[in-house]
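Hi everyone, thanks for coming. I'd like to walk you through one structure today, so let's bring it up on the screen.

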Amino acid sequence: MCSYDKRTQKTVAIKIIDLESAEDEIEDIQQEIQILSQLDSPHVTKYHGSFLKGSNLWIVMEYCSGGSCSDLMKPGVFREEYIAIIVRELLRGLEYLHSEGKLHRDIKAANILLSAGGEVKLADFGVSGQLSGTLSAKKNTFVGTPYWMSPEVIKQSGYDHKADIWSLGITAIELAKGEPPYAELHPMKVLFLIPKNPPPTLEGNFTKSFREFVSYCLQRDPKDRPSARELLKHKFVRMAKKTSYLTELIERHERWRAEGGERLEDEERDNVSDLPESGDPEDLWDFGTVRHVSRPGTIGRNNIQVSGPPLTWENNGTPRTGSDGSDSSSLTQRPGSSSSTRYSSLATKGDLPPLPPPASPTKKKVDNQATVRNGPPSASTTLVNNTRAPQRQPSDEYDDYEDQYAETYPDHANVVQQKMAALLLEEDDDLPDTTMLDSVVLPAIASLFPRVTSQEARVALSALQRAFTEAERIIPGVTLELVNEIVDSVEHVEEP
Amino acid sequence: MNFFKTKQRTPPDLVRGLRDAIPKLETGAPGGETRRKANEDVSKNLQQIKAILYGDGDPIPELVAQLAQETYSTDLLHSLVVNISRFEFEARKDVVQIFNNLLRRQIGSRYPTVEYLCSKPEIIFSTLGGYKNEEVALNTGMILKEMLRHEQLCKILLYSDEFYKYPHYIENTTFGISCDAFANLKETLTRHKPMVAEYLDKNYDRFFSSYTTLILSNNYVTKRQSLKLLGEILLDRANFNVMTRYIANEANLKMMMNLLRDKSKNIQFEAFHVFKVFVANPKKPPQIEVILRRNKDKLLVFLKNFHNDKEGKPLVDEKQFLIVQIQGL
């Protein structure tokens, strides 16, 4: 959502997270805000503050009217000269983050924003990170965007700032080709292929320096990848033009939209029906005494997420965007902002797909594959609601990879705060056996809930989840074995 | 002359340079040359002090010792905390790093900065007071957090009246700051358990009358977090005496029973974890048992339906346990 700050007259971006339905501990969100608040760079979207309204947390960030690179690619991929500019700016952003002892962890076109003047900003870190962690160990959920992940991140063998360099290389391919390598494959399978296969290369009609640049980023051993600072010296980016050229991409996108390139979706969504107030609590309990008249007021929440079946999607929080925007005191929604309506409408449905069907023959568009998000309800709700640009899924981004207090000298970047634990891949055998159940199978089944309509079907899906859980209890590790079997057989079909 | 310019400045030079520059931040016209220059000096000196402390991964112990001594003898740390809001963005971050590095500095089993701060409690209080200014609250919050790792410093704060300013900072700031203040309150109350247990036992009434305002806050986050922390405090073995007193009080039980029916599921859930302690108590005082017995049927129905959508065996087991207890009343 985009709004403007009355005090500064500046347009700002606001994310709204309903803490009541968010999976995350408030402490974790606060940690992320702490980190965000300490960042100040022209290459990173600036954090302005966070405010609570009922149980809705409003996070106010710098607004970038140009949109995300993944939006801007909708009319077509970028020419190499533009990519060089973007990559240079990204490297500057990464150089800053890494020197501050932070990792982004989710570099991809959808998280790269352009200002009106073409400045390139890294977005979507912190705050929401916990909500949608690429692989969030603590919540045991499997969410995220495997296509951009480096082998060492997937293998959980410990990683550092070089993981961002890998993702940058993948992003460069994405910008050039429209999608990252393996985009046509099921994300689960991709998690197996990235660590197994040789690194992808940039194929096609591109200059040698571009292809070389990408190959530098995409080296299997993180130690072989140059740092952001070193990459800034590479010919590919040294020759890049000024950022103001990037406004051409914004104009191209404007034209494309004006020509009807993007069907405007109906932004009206069913409003979540407010739960009836539970009433004065003292109506129920009998304390045998005179009631306290001055019971403190209840908290001012507008609506309550009705909890659905376990681990399902809930998109019903979405429409709040509009109404909250209008009744806020200090921040008002910018009138007639077509972009904000477009964003919010886009945000509601298609962009947060459950696991795409494995056998899907059609090549997916970038923004579809941008997110594989199989999380418990809250994660999706919050995400859906709040982003200015829907494709730009908040996710785990900054990791203080040094002790926050011991931090900040550039070359100490080795103590990795290992948040991830979840997915086991290949030979990794020291993971808890139930990870596959909790992180993959149950969420995958959960993702089917919104696709079925009858109560009977939902009951059947619940039964399926219970059956898996029960089987796992009796035969620990069985889910993992089963999934391995399935993936193996998939690979045998598709791998030459 | 050039020769001398390149020479590294000594710790006393740096500390003096910094101390001289700080008062000038407020002199001259806003945006004027004097201020700009002063700000530059502050930032530069802080950077160089930080460079000494962190070195290039390899700080020189003699220089560090000299610097630490100089900061103590000039009360530099207090001056930094009090003036941090006048510094530039990066300089504020440097203050935090410098302060926390000195706090962690150890010689044998001694922490010289901690000993110094013990003799200057006003620095601890000024750091807590950083919550008054949203601009720097997260910076000073980080310093406070580092202080609280040390039992002596934590104790000084806990036993002071200043401690009772936490609720004010938690209630009257925006989300990020409020949460940070709460996190430090939690740190104060949970990091050094035996010390805190003794305090809570001795100051039971004052503490809980203050803490209850947080539980009854209109702020969703404050309410939810303070309930959760209450549960943690009560269930900690170190706080057994405090828990016994808490669960003997009927007003506390009523509050929890009401919170069980809060609109927010999360708050209900946190309240449940406090409520269960009342019910599980094998020696329930009469006033508690009376309330539970009077609501027996309603409680049984309520518990059977409580958060049935939630997964997780522990909750199911605990509910079952409570149901059995209540049936037996």
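Before we look at a helix pair, a quick word on terms: axes are lines fitted to C-alpha atoms, for helices over the stretch in contact, and angles run from 0 to 180 degrees between N-to-C directions. Please also keep in mind that this is a predicted model.

With that, let's go to chain B. Helix α17(B), residues 250-259, packs with helix α18(B), residues 265-280, at an angle of about 145 degrees, and the two axes are 8 Å apart. The crossing of α17(B) past α18(B) is left-handed. Which residues of α17(B) meet α18(B)? They are Asn252(B), Leu253(B), Met256(B), Met257(B) and Leu259(B), and their partners in α18(B) include Ile267(B), Ala271(B) and Phe275(B).

Staying in chain B, have a look at helix α13(B), residues 193-202. Met195(B), Val196(B), Ala197(B), Tyr199(B) and Leu200(B) are buried there. Those buried residues pack against α10, α12, α14, α15 and α16 of chain B.

Now over to chain A, which has 18 helices and 13 strands. Of its 496 residues, 60% are buried. If we take contacts in chain A between residues at least 6 apart in sequence, 75% of them join residues at least 24 apart. The accessible surface of chain A is about 19700 Å², and carbon and sulfur atoms account for 53% of that.

One last item, from the records: an unreviewed UniProt entry lists residues 12-39 of chain A as a "coiled-coil region". In this model, that span is 43% helix and 25% strand, and its end C-alpha atoms lie 17 Å apart. Thanks, everyone!

Conventions. Residues numbered from 1 in each chain as written. Chains lettered and ligands numbered in written order. Predicted model: local features only at pLDDT ≥ 70, side-chain atom pairs only at ≥ 80, totals over all residues. Heavy atoms only, no water. UniProt positions renumbered as here; feature names shortened; annotations may be inferred. Helix = DSSP H or I, 4+ residues; strand = E, 2+ residues; numbered from the N terminus. Buried < 20%, exposed > 50% of the residue type's maximum accessible area, 1.4 Å probe, protein only. Contact = heavy atoms within 4.5 Å. Areas by Shrake-Rupley, 256 points an atom, 1.4 Å probe, with all protein chains shown as cover. Left-handed = near helix turned anticlockwise from the far one by under 90°.
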